[in-house]
Amino acid sequence: MRTLAPGEKIAYGLGDTASNIVFQVVINYLVIFYTDVYGLSAAAVGTLMLSIRMLDAVTDPLMGGLADRTRTRWGRYRPYLLWLALPYGIFAVMTFTTPDISPTGKLLYAYITYGLLMTAYTAINIPYSALGGVITNDSQERSSVQAWRFALAMTGGLVIAVATLPLVDYFGGDNQQRGFTLAMTVLSLIAILCFVVCFLLTKERVDPAKTAARQSILGDITFLFKNDQWRIIALITFFLLTSIAMKGGATPFFVRYYLNSADLVSLFITVGMLAGIAGALFANQLSAMACKVVVMKWSAIATVVFNGALFFVPKDGVVLALVLSAAANFAHMVLTPNLFAAVADTVDYGLQRWRKGVMAMSYSGHLFALKVGIAMGGALTGWILAAVEYQPNAEQTASALNGIVFIYAGGSIIAGLLTYALLCTYRLTRGWADESELMEPGSLA
């Protein structure tokens with residue numbers, strides 16, 4: 001298949017700019033919003049973050065099956081970007097709105113609005129992710145598409161890093177509740193526009209879901225879990241996103257309480273996003289030169305090293321902490337585009353081995369692993385903060401500070417080691433389609 005035009009790659013990436021504008025606010029600010037602005041306890045927040053994800057066990061496969069069975073003149077997956085952009089933005093604003101009601105009512109409101117936001121995230125991101133697998137069937141081009149995607153996703157994150165707290169202060173002043181609501185309104189409008197551009201300037205060219213209409217959604221799910229290479233990618237995604245959610249949720253706490261530099265929270269997130277953009281663009285260059293599995297292994301090792309070094313940063317080592325955090329994010333974002341491109345490779349693997357391929361269902365399962373990872377990371381952040389007796393807006397004990405550092409760096413070390421171990425069992429290296437030992441005897445007969 002021909003090389004995709006840079007304009008289409010950028011347009012596709014704008015879809016994740018839209019997603020990441022909301023995603024990064026959730027990752028970096030939702031925990032501290034709920035505890036320090038909205039007024040929930042850290043333990044309640046941890047339980048909330050995990051409980052809502054239970055819905056994904058139902059909504060993700062349903063959305064994957066629905067998307068694979070969709071037929072429109074625009075394709076299977078693109079229409080959802082147009083249909084769901086507005087609800088996605090509305091639910092984001094609602095999630096960051098603090099109602100003037102009883103504590104019990106506020107907790108219920110948080111569950112409802114966060115649940116709606118995550119359902120909308122599912123409904124728009126499964127088709128969006130699947131779209132990346134059908135605008136080209138070339139493995140190298142898919143890696144390039146995903147690299148552009150995550151470079152622009154990090155650009156969305158950069159917007160969040162630079163704009164969120166200033167917008168909160170601008171609109172809210174001393175009233176942070178009002179500030180978060182109006183700031184999220186502005187950011188959601190940008191996200192909606194990016195989704196529309198993505199819809200208009202991309203095209204579906206591959207149809208991997210020819211078998212989807214001939215079997216049930218349950219059959220799709222059963223087939224998905226039969227795919228051993230997909231299972232590896234899903235596990236890696238779960239571990240990595242758990243660690244990313246822990247790091248993102250702990251960043252304001254780490255900078256504010258451990259480094260005693262509350263005014264530098266935006267700087268840390270901004271520099272991290274810039275490092276992520278650089279990492280994704282570097283991944284784009286590497287995809288043309290090296291096997292993505294080798295790149296992912298080295299990236300996993302680098303994340304372990306850089307996060308491990310954070311444990312030795314003194315409380316006054318702000319510059320060193322900033323450099324190490326940026327380096328860790330760079331390494332992570334070299335890995336991530338290749339990881340997402342690998343999902344489409346596992347679909348091709350299924351097509352060659354069993355003559356079955358369900359692109360949206362594969363990405364729905366992948367997104368489910370991602371969201372459960374985020375939920376687990378958010379839950380662990382809240383639970384660990386509660387266990388070490390974190391107190392909002394107060395001087396922290398030594399135990400609380402150690403807990404914050406562990407959340408910020410320890411989760412990434414564990415995830416990096418597990419990722420490397422799993423990649424040692426992954427077989428879809430460069431040129432895998434030509435290796436007959438990957439195939440079941442007679443599977444292509």
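I looked up Tyr-34 and skipped its neighbours within four places in sequence; Tyr-34 then contacts Gly-39, Leu-40, Val-45, Leu-48, Thr-95, Ala-110 and Tyr-114 (contact: heavy atoms within 4.5 Å). This is a predicted model, where local features need pLDDT of at least 70, side-chain atom pairs count only at pLDDT 80 or more, and totals for chains, interfaces and linings use all residues. Numbering runs from 1 along each chain as its sequence is written, and side-chain values use heavy atoms, with hydrogens and water left out.

I checked the largest nonpolar core next. Of its 138 residues, Tyr-34, Tyr-114 and Phe-254 touch the most other members. Such a core joins buried Ala, Val, Leu, Ile, Met, Phe, Trp, Tyr and Cys residues through side-chain atoms within 4.5 Å; buried is under 20% relative accessible area (1.4 Å probe, protein chains only).

Then I took helix H2 (residues 42-52) against helix H13 (residues 359-387). Their axes lie 7 Å apart, at an angle of about 165°. That makes H2 roughly antiparallel to H13 (angle over 145 degrees, on a scale from 0 to 180). The H2 and H13 crossing is left-handed. H2 contributes Ala-42, Ala-43, Gly-46, Thr-47, Met-49 and Leu-50 to the contact; H13 contributes residues including Gly-378, Gly-382 and Trp-383.

Last, I followed H13 to helix H14 (residues 398-423). Their axes come within 9 Å and cross at roughly 165°. H13 and H14 are therefore roughly antiparallel. The crossing of H13 and H14 is right-handed. Thr-381, Ile-384 and Leu-385 of H13 meet Gly-403, Ile-404, Phe-406 and Ile-407 of H14.

How values were computed
Helices (H or I, at least four residues) and strands (E, at least two) are DSSP runs, numbered from the N terminus. Angles under 35 degrees count as roughly parallel, over 145 as roughly antiparallel, 65 to 115 as roughly perpendicular and the rest as oblique. A crossing is left-handed if the near helix is turned anticlockwise from the far one by less than a right angle, and right-handed if clockwise. Buried means under 20% relative accessible area, exposed over 50%, partly exposed in between (1.4 Å probe, protein chains only).
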